[in-house]
Amino acid sequence: MQHVKVPQDRIGVLIGEGGETMREIERRAEVRLDIDSESGAVAIDDVGDPVLGMLAPDVVRAIGRGFTPEAALSILDDELRTFELVDLESHTRNKNDLQRQKGRLIGENGRTRELMEELTGAEVVIKGTTLGVIGQPEEVEAVRRAVGMILDGAPHGAVYSFLERKHNELTQGFDVRQSG
């Protein structure tokens, strides 16, 4: 059995209308969820495929960190798809710095966060003191590097250029025909 804590304001999303989301997670991850809506504690018990069961805490955690249930459940669709959290607090000096850095990561009207998603193909959510990413390993890595650049004070233009280059690498793949 594994335990995950979910913020109070995300319990409703985790349970879903009439328990729909909770049942969907249980069905697809082959687990039983015991959600304490008072404390936000979620006990996760494997009842089927242990490999799927190992992913269930990430699905629950992702919903707790602000992802939609659909985005969180996508972790179960592809064995390479991963969920990662970046702790923004550990990269900032104080509350004001945290707010400023979150503002830089979100960008004007959410543009920076949107570009991270558009150019990498990953899903990105900024909530509280964390930035969450769901995607393929190379997508998650590109977002992690872009976030690191922003937190280190790089100008947005440089970060966008990096993301454009990554986008081209990720979408071009490789050509199997040999030239010559």
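Two strands count as paired if DSSP finds at least two bridges between them. Keep that in mind for the sheet. And keep in mind that this is a predicted model.

Let's start with strands S1 and S3. S3 covers residues 41-46, and four bridges join S1 to it. The two strands run antiparallel. Opposite lysine 5 stands alanine 41, in S3.

Now the whole sheet. What is the strand order? It goes S1-S3-S2, three strands in an open sheet, with antiparallel pairing. S1, residues 2-5, and S2, residues 31-36, are the edge strands. Each of these two pairs on one side only. On average, neighbouring strands here are turned by 20 degrees against each other, ignoring direction. As a reminder, strands of a sheet pair through backbone hydrogen bonds.

Next, the aromatics. How many aromatic pairs does the structure hold? One. The partners are phenylalanine 67 and phenylalanine 83. Their centres are 5.9 Å apart, and their planes stand at 85 degrees. The pair counts as edge-to-face because the angle is over 60 degrees.

Where do the two rings come from? Distant parts of the chain, 16 residues apart. Phenylalanine 67 is in the loop between helix H3 (50-64) and helix H4 (69-73). Phenylalanine 83 belongs to strand S4, residues 82-87.

Last point: are these residues buried or exposed? The cut-off for buried is under 20% relative accessible area. Phenylalanine 67 has 2%, so it is buried. Phenylalanine 83 has 11%, so it counts as buried too.

Conventions:
Residues are numbered from 1 along each chain as its sequence is written. This is a predicted model: local features need pLDDT of at least 70, side-chain atom pairs count only at pLDDT 80 or more; totals for chains, interfaces and linings use all residues. Side-chain values use heavy atoms; hydrogens and water are left out. Axes are lines fitted to C-alpha atoms, for helices over the stretch in contact, and angles run from 0 to 180 degrees between N-to-C directions. Rings of Phe, Tyr and Trp (its six-membered ring) pair if their centres lie within 6.5 Å; planes under 30 degrees apart count as stacked, over 60 as edge-to-face and the rest as tilted. Buried means under 20% relative accessible area, exposed over 50%, partly exposed in between (1.4 Å probe, protein chains only).
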